[in-house]
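I opened my notebook next to the viewer and went chain by chain.

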Amino acid sequence: MRVALFITCVNDALYPGTGRAVVTLLERLGVQVDFPAEQTCCGQVQYNTGYRHQTEPLVRRFATVFADYDAVVTPSGSCAAMVREHYPRIARRAADEGRDGELAELAGRTVPKVHELSEFLLDVLRVEDVGAYFPYTVAYHPTCHSLRLLGVGDRPTRLLRAVRGIDLVELPGAEECCGFGGTFSVKNPDVSAAMGADKVRNAVDSGARVLCAADNSCLMHIGGTMSRRGGGPRVLHLAEILASTEGNVT
Amino acid sequence: MSSRETILNRIRQALTDVPLAEAAQDVTVDRSYLRRHGERTPEQTAELLAENLADYRAVVHRCTNAELPARIASLLAAHGSRTVVAPAGVPARWLADSADVERVPEESTARQLDMVDTVVTGCALAIAETGTVVLDASPDQGLRRVTLVPDHHICVVRVPEQVVDSLPEALERLSPRRPLTWISGPSATSDIELDRVEGVHGPRTLEVVLVRG
Amino acid sequence: MSDATSFPQAARVSVRNAQLRGNLRHATHTIRAKRAKAVAELADWDRLRAAGAAIKDRTLRHLDDYLEQLETAVTAAGGTVHWAVDADEANRIVTRLVKATGETEVVKVKSMVTQEIGLNEALAAAGIRAYETDLAELIVQLGDDRPSHILVPAIHRNRTEIRDIFRRQMGRWGRPAPQDLSDSPAELAEAARLHLREKFLRAKVAVSGANFMVAETGTLVVVESEGNGRMCLTLPETLISVVGIEKTVPTWRDLEVFLQLLPRSSTAERMNPYTSTWTGTTDGDGPREFHLVLLDNGRTDALADQVGRQALRCIRCSACLNVCPVYERAGGHAYGSAYPGPIGAILTPQLRGTASALEASLPYASSLCGACYEVCPVAIDIPEVLVHLRERVAEGGSTTRDGARVTIKPAKGHAAERAAMRAARWAFEHPRALRAGERLAARTRRAHPARLPGLSWSASRDLPTVPPEPFRDWWQRTHGGEEAK
């Protein structure tokens with residue numbers, strides 16, 4: 001099986017540790033992973049801000065770069081959802097409007113092979129216990145796109161429960177949006193900040209040392225809010241907890 | 001062009017993506033939702049009705065047909081009712097034991113009805129799953145205002161023949177030509193802090209008598 | 001009714017109102033849990049939801065036929081049907097009908113659509129006083145306020161504020177509130193009952209909306225809780241119902257779906273206390289005259305949009321408001337129309353167009369968290385429509401206004417953003433340039449401040465620190481050899 005890592009632009013530039021963790025984790029599980037260097041960005045920010053036409057070239061690039069792999073794994077529920085939920089729609093609209101008739105076919109071939117990390121582990125590799133060790137109290141924030149768009153369900157928490165040493169605690173109001181929302185956080189800064197403040201309060205109230213999610217963009221917003229408001233749990237991507245082993249904890 | 005034509009033309013213009021040959025029935029509606037939520041004996045259905053009525057603060061009573069006049073009399077007495085309105089189709093024997101309570105005619109104005117203590121009616125049917133009684137203005141239920149203005153409503157439901165399980169079963173037994181009033185518990189509001197409070201403009205006390213035999 | 005203040009500007013003020021935030025939080029969280037419980041009672045909820053969406057789609061795709069059928073049935077049952085292209089025409093029709101009765105006051109059932117068209121103001125200008133009779137609408141009217149929620153227009157007020165409004169204002173409109181009125185909801189409801197009863201008993205004309213209109217039978221349906229609807233629909237001699245054309249459903253049987261979906265989604269009840277249905281007029285029972293005013297007011301423009309038209313499925317339950325994290329913090333007034341919350345964010349820009357600052361900002365008043373779509377009983381994919389409308393704002397393009405196809409320009413104020421998007425796209429199409437940029441950022445990272453003045457992001461949150469090397473450099477360094485194969 002040829003497996004490619006789609007790192008996402010945010011992780012590439014700002015959270016390379018998450019990418020390293022995914023590679024470490026997959027290699028530990030015996031998966032050889034490729035990183036096609038021509039990959040860039042899924043185009044979610046452009047699309048969700050209303051620039052569908054600007055997104056089309058990125059759809060084409062993604063579909064081409066990853067066309068020959070059997071599976072594409074990405075440590076972002078949001079970007080996985082962009083590809084799986086919106087690419088077919090964007091390609092269809094392009095065809096309807098008389099542009100790039102091949103895009104739908106190209107996207108149609110690549111899209112179903114794209115998996116968010118927890119989906120890849122449970123649905124493709126069929127492992128629940130990835131052999132991780134993480135001796136801390138952790139609260140899991142199910143990011144909106146993982147939860148409602150992608151529908152990862154309890155996959156992340158199943159993986160976390162199998163981690164040795166972990167103490168998984170409940171996050172109050174877990175399913176409520178943290179207020180990031182891409183350009184929402186810039187266009188509606190006051191509401192976004194209010195939502196972030198509530199999420200931070202819930203994270204603090206959970207008593208956890210670590211707040212975990214499967215999306216670094218949400219964690220960037222939550223973590224940035226925390227550091228401004230005087231701290232709270234450490235924010236960590238799911239991959240970094242799953243990659244941790246005894247003697248090598250993140 | 002009349003506004004009617006303007007609107008209809010705009011609709012037709014807006015729907016140019018709908019094939020001309022498409023009939024409304026071609027748009028599939030999957031009706032695989034449940035006709036009723038669970039299989040129940042008539043006994044269980046009546047029990048569910050009582051439960052759901054009570055859940056929304058209707059007061060539920062049970063009696064036999066023979067006991068009904070005495071039961072109504074005692075409900076009127078307990079409420080301290082001195083006047084009662086009962087539509088023309090309400091059997092005379094229902095109020096046979098309530099001779100001391102003054103009967104007000106159904107045709108009274110709303111202002112006159114505002115002075116009446118209690119209204120006694122039958123119903124068209126009752127829905128167990130939702131705890132609803134439905135009035136269809138038949139002679140034993142009367143004009144709509146009669147069951148609206150007085151503050152105390154006693155509604156008699158014949159069990160089991162007037163009780164259906166579910167909303168789909170109710171709709172197919174009701175005539176849209178008749179003015180219908182569906183009642184699920186007494187008047188209520190959630191307008192203050194989205195918390196339910198019973199009792200605003202309709203009858204604040206709803207007593208449902210489930211009659212057998 | 002149009003408001004020049006954009007959503008973020010309005011929200012900047014409301015989000016800082018601690019009282020409002022507290023009231024909204026309390027109310028929406030109360031109803032959220034109850035709705036979930038009421039919905040969980042029905043094992044076939046998803047099938048009912050799909051059927052509800054399908055019936056509405058069937059209606060919308062054949063709306064012209066159904067409206068003609070409805071008109072025939074209402075007329076045959078003794079009603080009179082009027083057609084109004086826009087708000088002004090609807091207001092003129094209603095004003096004329098009221099004047100023809102010789103009356104100078106009307107009682108009103110809560111209706112979103114009369115709020116949308118500004119009927120009360122139009123009637124007032126013609127010397128006709130409209131009394132709102134729904135408790136929450138009464139609170140809004142007495143408080144000289146605006147509704148902020150579809151189901152509970154006074155959701156932004158708590159019990160103490162309501163008591164103060166009643167004590168202060170009831171006397172000016174009719175029977176005063178008792179001076180020792182407490183803030184217990186039961187006492188407040190009692191005060192409203194007494195205040196309004198005299199109005200019900202003397203009213204000769206009522207104005208209502210409707211939740212559903214059945215094309216096959218000409219039947220109208222009003223779903224309510226308090227009994228004020230029954231009062232208005234039953235006691236007056238003349239009833240005027242103003243209803244949006246999209247409220248049509250094909251058959252009587254179709255109500256079996258919507259009367260299950262609506263109460264559980266709205267007030268979280270198995271069934272709301274009162275549902276009234278009527279078909280034309282009934283001899284000796286209820287109004288002698290019945291007028292139905294069918295309103296377009298932008299609906300056919302929304303219908304012309306193949307993505308946006310799903311918004312016309314809406315049955316006004318308000319479940320999307322109650323779960324929306326943005327609504328909960330910004331409050332209903334920030335949406336600048338009768339339709340607040342997620343549904344308002346997709347309905348208002350379609351009904352009014354996206355030309356003004358408010359309407360252009362509404363599609364962005366969402367983090368796209370998807371909670372609204374999840375609870376919508378007729379499966380309106382609100383995030384999909386939001387993104388679709390963002391495209392209209394950001395890129396412009398072809399749309400329908402007042403029945404005519406027009407091409408609109410991108411909204412003002414999006415030029416810098418458009419340039420940034422183009423630049424980003426260019427970089428993302430040139431991975432080497434992207435890599436160079438990332439390296440530059442990494443090299444200069446110690447000079448990056450945690451907050452940048454003028455960048456709204458850093459007003460409330462610190463920026464992440466840029467790592468010493470981007471992922472792709474690490475990969476190249478550690479796995480670079482494998483890339484060649």
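How many helices and strands does chain A have? I looked it up and found 13 helices and eight strands in chain A. Before going on, I noted that I am working with a predicted model.

**Chain A overall**

I checked the dimensions next. The C-alpha trace of chain A spans about 55 × 45 × 30 Å along its principal axes. The radius of gyration of chain A is 18 Å, and because a compact globule of 250 residues would have one near 18 Å, the two agree. I then looked at burial: 62% of the 250 residues in chain A are buried. I also looked at the contacts in chain A between residues at least 6 apart in sequence, and 78% of these join residues at least 24 apart.

**Who touches whom**

Which chains share the most contacts? There are two pairs of chains in contact, and chains B and C come out on top. I found no contact between chain A and chain B; their closest C-alpha atoms lie 13 Å apart.

I went on to chains A and C. Their contact uses 51 residues from chain A and 51 residues from chain C. On the chain A side, the elements that give two or more residues include helix 1 (9-14), helix 2 (16-28), helix 4 (52-65) and helix 12 (216-228) of chain A. Helix 11 of chain A provides the largest share of that side, with seven residues.

**A sheet with strands from chains B and C**

I zoomed in on the chain B end. Strand 5 (residues 125-127) of chain B pairs with strand 8 of chain B in the parallel sense, over two bridges. There I found B:Ile127 opposite B:Val164, a residue of strand 8 of chain B.

**Strand 2 of chain C**

I followed strand 2 (residues 105-108) of chain C to its partners. It runs parallel to strand 3 (residues 129-132) of chain C, and four bridges join the two. Strand 2 of chain C also runs parallel to strand 4 (residues 205-208) of chain C, this time with two bridges.

**Domains of chain C, and one residue**

I looked up the domain assignment for chain C, which gives domain 1 (42-295) and domain 2 (430-484). The C-alpha centres of these two domains lie 57 Å apart.

Last, I clicked on C:Ala459, which sits in helix 22 (residues 457-460) of chain C. Why does C:Ala459 count as partly exposed? I counted 15 C-beta neighbours inside 10 Å of C:Ala459, and a residue needs 20 or more to be buried and 12 or fewer to be exposed, so it falls in between. I also checked C:Ala459 against C:Ser208: the two are 251 residues apart in sequence and 47 Å apart in space, C-alpha to C-alpha.

Technical notes: Residues are numbered from 1 along each chain as its sequence is written. Chains are lettered from A and ligands numbered from 1 in the order in which they are written. This is a predicted model: local features need pLDDT of at least 70, side-chain atom pairs count only at pLDDT 80 or more; totals for chains, interfaces and linings use all residues. Two residues are in contact if their C-beta atoms, placed from the backbone, lie within 7 Å. Two strands pair if DSSP finds at least two bridges between them. The radius of gyration is taken over C-alpha atoms; the globule rule is 2.2 Å times the number of residues to the power 0.38. Domain bounds come from an automatic or database domain assignment.
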